[in-house]
Amino acid sequence: MADLVHRSLDWIPTAPVLISESRDMPVSAAAAFAVVADHERWPEWFTTLKRVEVTGAPTGVGGGRRVHLRGVVIDEEFIGWETDRLFAFTLTHTTRPMARSMAESVRVEPLGDDRCRGTYTQAIEPHGWMKPLFAVARRPVAKMLRRALEGLERAAVARS
């Protein structure tokens, strides 16, 4: 597997490519975050993922997991963890290095009783030769994140 540049939580808003989607959900922030923190069940709501394995501590900064997508495997390290509020990770290794570095975050913001806003952000530093592809991929990636948030909502409502 190829190494990617390790990024911190502070790097995310400064990334060269930033794609973010938000969704208001009729569940508490705790209910939504419980779904996010259940790593192995991510493929149930983020259907691009085929399998997720916890490879380090399942919670907290420094933990990790391995994610399987169609044709690619990615190792992730948790760089942000605030229970019921934030889950973030940096990609550390991948079988298909299309980016120099990448980090993602899922933020859950309480909006009142049994309501929250989920925001999924992907921060990417593509390899120079991949920059044109990422410009074209912005819309499909945003659509994928919207669908993931819709799935997150369905899963959180079902589990509540």
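Reader: Buried means under 20% relative accessible area, exposed over 50%, and partly exposed in between (1.4 Å probe, protein chains only). So is Arg100 buried, exposed or partly exposed?

Author: Arg100 is partly exposed, because its relative accessibility is 40%. This is a predicted model, where local features need pLDDT of at least 70 and side-chain atom pairs count only at pLDDT 80 or more, while totals for chains, interfaces and linings use all residues. Residues are numbered from 1 along each chain as its sequence is written, and side-chain values use heavy atoms, with hydrogens and water left out.

Reader: Where is Arg100 found?

Author: Arg100 belongs to strand 7. Helices (H or I, at least four residues) and strands (E, at least two) are DSSP runs, numbered from the N terminus.

Reader: New topic. How much space lies in the largest pocket?

Author: About 700 Å³. A pocket is an open set of points on a 1 Å grid over the protein atoms alone, where a 1.4 Å probe fits, with protein on both sides within 12 Å along at least five of seven lines. Lining residues have an atom within 4 Å of a point. The volume is the space filled by probe spheres set on the points, which are joined across faces, edges and corners.

Reader: Which lining residues are closest to the centre of that pocket?

Author: Leu69, Ile74, Met102, Gln122 and Met144, out of 29 residues that line the largest pocket.

Reader: Which element gives the largest share of the lining?

Author: Helix 3, with 5 residues. Strands 4, 5, 6, 7 and 8 and helix 3 each supply at least two residues. Helix 3 covers 131-159 and strand 7 covers 99-112.

Reader: What about the lining by class?

Author: There are 21 nonpolar, 3 polar and 5 charged residues in the lining of the largest pocket. Asp, Glu, Lys and Arg count as charged; Ala, Val, Leu, Ile, Met, Phe, Trp, Tyr, Cys and Pro as nonpolar; the others, Gly among them, as polar.

Reader: Now the core. How many residues has the largest nonpolar core?

Author: It has 41 residues. A nonpolar core is a set of buried Ala, Val, Leu, Ile, Met, Phe, Trp, Tyr and Cys residues joined through side-chain atoms within 4.5 Å. Trp42, Trp45, Phe46, Phe87 and Tyr120 have the most contacts inside the largest core. Helix 3 supplies the largest share of this core, 9 residues. A second, separate core has 8 residues, including Ile12, Ala15, Leu86 and Ala88.

Reader: What does Trp45 contact beyond its neighbours in sequence?

Author: Outside four places in sequence, Trp45 is in contact with Val35, Val36, Arg147, Ala148, Gly151, Leu152 and Ala155.

Reader: Why is helix 1 largely enclosed?

Author: Because 6 of its 8 residues (29-36) are buried. They are Ala29, Ala31, Ala32, Phe33, Val35 and Val36. These residues pack against helix 2 (42-45), strands 5, 6, 7 and 8, and helix 3.

Reader: Which sense do strand 4 and strand 5 pair in?

Author: The antiparallel sense, over 6 bridges. Two strands pair if DSSP finds at least two bridges between them. Arg65 has Glu76 of strand 5 as its bridge partner, and Val67 has Ile74. Strand 3 (residues 49-54) and strand 4 are also antiparallel, over 5 bridges; there Val52 is partnered by Val67.

Reader: And strand 5 with strand 6?

Author: Antiparallel again, over 8 bridges. Phe78 has Phe89 of strand 6 as its bridge partner. Strand 5 is mostly covered, with 9 of its 11 residues buried.

Reader: Which residue takes a positive phi in the hairpin of strand 5 and strand 6?

Author: Asp84, near 70 degrees, in a hairpin with 3 residues between the strands. Most residues other than glycine have a negative phi. Asp84 is not a glycine. With 29% relative accessibility, Asp84 is partly exposed.

Reader: And where is Asp114 found?

Author: In the loop between strand 7 and strand 8. Asp114 has a positive phi near 55 degrees, and Asp114 is exposed, at 53% relative accessible area.

Definitions and conventions
Contact = heavy atoms within 4.5 Å.
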